[in-house]
Amino acid sequence: MTTPTAPRPDDNFQLTLNKILALKPQESIQRLLDALHPVAEQMVVRRPRSFHKNGPEIYLLTEGHFWLHRKQDNLELSMAAAPHIFGLAELVLPFGDTTYVRFAPESDVFVVSGQKAQNVFHHQPYLWEDVTKVLAFHLHFSTWRDLHLLNDSAYDTVRGKLLELEKQNDAFRQDNSILNYILSTTKLSRSTVLRILKDLTEGGYVEAQRGKLVSIVHLPLRY
C-alpha cells in the first residue's frame, strides 16, 4: 500500500480522519470476537444482509471487509475492514430495518443472534465496556463522515472521499474506481465528480491509472 501524504497542520479533514482511525479499539474488538465466536454461525456472504432478517443480529468480521448501506436509496454509509464487529447498536437500542450490509467476496463472517449475544454479555458483564468503546468508535467515524458530507462544497466532499480511498489497501483500490467509490458514497452527480476529478488529475494533484487511485500528490484545501 502506498504511504498516505502527510497532512498539513491546517488540514482539518485529514487530521480528523487520521485521529479517528488511530482510535480503533482493536483490543476491545478482539475480546468481543473471542467471546462471541463460540456461539456464532458462519454465514454465506454472497447476498446483502439486513440487521433485522431474523431479529437483532451481531456480525463478526474476521477476514475481508463490508459496506453499510442505507436501504431507502442504497447509499453507502461506511466501509470497514476486519477485524470488526457490528450490529451492537441494534442490540442495545433497536432502531428499525433501515440499513443493510454487503460483504466482499473473500470475507469470513459469523453471525450471532441478539439473544445469544445478550446471554454472553449477561455472564461476562465486563464486556459491556468493550461494547461501548466500539460504539464510540462508530460514532466518531460518523462525525468524520458528516464533516465532509454535510457542507455546501462538492469539492470538500470529493476531497474527503479521496482521503478515505487513499487509506485503503492496493487490492481495494484496484477493485474500485475513484468515480464509482465517490458516486456510491455520496449524492453528488456524475458530471460534478468527473469535472473535479479531471481538474485534479490534469493539475497533477492526483495520480490515477484507468480510473483507479494510485496516489495523492497534494489536495488543495480550496478548489
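Trainee: At roughly what angle do the axes of helix α2 and helix α4 cross?

Mentor: The axes of α2 (residues 26-36) and α4 (residues 114-123) cross at roughly 110 degrees and come within 10 Å. Axes are lines fitted to C-alpha atoms, for helices over the stretch in contact, with angles from 0 to 180 degrees between N-to-C directions. Helices are DSSP runs of H or I with at least four residues, strands are runs of E with at least two, and both are numbered from the N terminus. This is a predicted model, in which local features need pLDDT of at least 70 and side-chain atom pairs count only at pLDDT 80 or more, while totals for chains, interfaces and linings use all residues. Residues are numbered from 1 along each chain as its sequence is written, and side-chain values use heavy atoms, leaving out hydrogens and water.

Trainee: Which residues make the contact?

Mentor: Leu-32, Ala-35 and Leu-36 of α2 meet Ala-117, Val-120 and Phe-121 of α4, where contact means heavy atoms within 4.5 Å.

Trainee: Switching to strands, how many bridges join β3 to β8?

Mentor: Strand β3 (residues 57-63) is joined to β8 by six bridges, and the two run antiparallel. Strands pair if DSSP finds at least two bridges between them. Glu-57 has Ser-113 in β8 as its bridge partner.

Trainee: And what about β1?

Mentor: Strand β1 (residues 41-42) also runs antiparallel to β8 (residues 108-113), with two bridges. Gln-42 stands opposite Phe-110 there.
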